[in-house]
Amino acid sequence: MKSLAPFIVMIAILIALSVIIVVITNYNLKKKILNKENMDDKMFVILNNLTGFNSEMLKWGIILLFGGIGLIVLEFIPHDENTPLPYGVMAVFVALGFLTYYFLMKNQKK
């Protein structure tokens, strides 16, 4: 498990870096669109699509939260090294995260 930690850290850094790049490029694109003199309907559609990034952040935040709770629960459940129990527990908690996000978005649209 200790040799897996640097790999997970590198993935987390790459994900954070990609999120920062997406936020910066979306900001620059919005700024260019809003500074144009003649705006048509296509530009409003692009602006509406760019502002949907907040729900994506909520989704990944909820999934990571439930994944972290799953890891905490695994610390307190006794299990052998060769059992598939940790995979099942993590799958259940990540699925609960996805379901929580789905029901939040479903209730928000009403």
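Helix H3 contributes the largest share of the lining of the second largest pocket, namely 10 residues, where helices (H or I, at least four residues) are DSSP runs numbered from the N terminus. The model is a predicted one, in which local features need pLDDT of at least 70 and side-chain atom pairs count only at pLDDT 80 or more, whereas totals for chains, interfaces and linings use all residues. Residues are numbered from 1 along each chain as its sequence is written, and side-chain values use heavy atoms, with hydrogens and water left out.

The second largest pocket has a volume of about 380 Å³. Of the 14 residues that line this pocket, the closest to its centre are Ile-15, Trp-60, Gly-61, Ile-63 and Leu-64. A pocket here is an open set of points on a 1 Å grid over the protein atoms alone, where a 1.4 Å probe fits, with protein on both sides within 12 Å along at least five of seven lines, and lining residues have an atom within 4 Å of a point. The volume is the space filled by probe spheres set on the points, which are joined across faces, edges and corners. H1 and helix H3 (53-76) each supply at least two residues of the lining.

Ile-15 also belongs to a nonpolar surface patch of about 470 Å², which it makes together with Leu-4, Phe-7, Ile-8 and Ile-11. Such patches are made of residues with over 30% relative accessible area and no salt bridge, nonpolar side chains (Val, Leu, Ile, Met, Phe, Trp, Tyr) being joined within 5 Å and like charges within 9 Å. A salt bridge is a side-chain nitrogen of Lys or Arg within 4 Å of a carboxyl oxygen of Asp or Glu, and accessible areas come from the Shrake-Rupley method with a 1.4 Å probe, only the protein chains shown counting as cover for residues. Leu-4 lies in the segment before helix H1 (5-35), and it counts as partly exposed because its relative accessibility is 38% (buried means under 20%, exposed over 50%, partly exposed in between).

Met-57, placed in helix H3, is partly exposed with a relative accessible area of 37%. Met-57 and Val-19 are 38 residues apart in sequence and 9.3 Å apart in space, C-alpha to C-alpha.

Conventions:
Buried means under 20% relative accessible area, exposed over 50%, partly exposed in between (1.4 Å probe, protein chains only).
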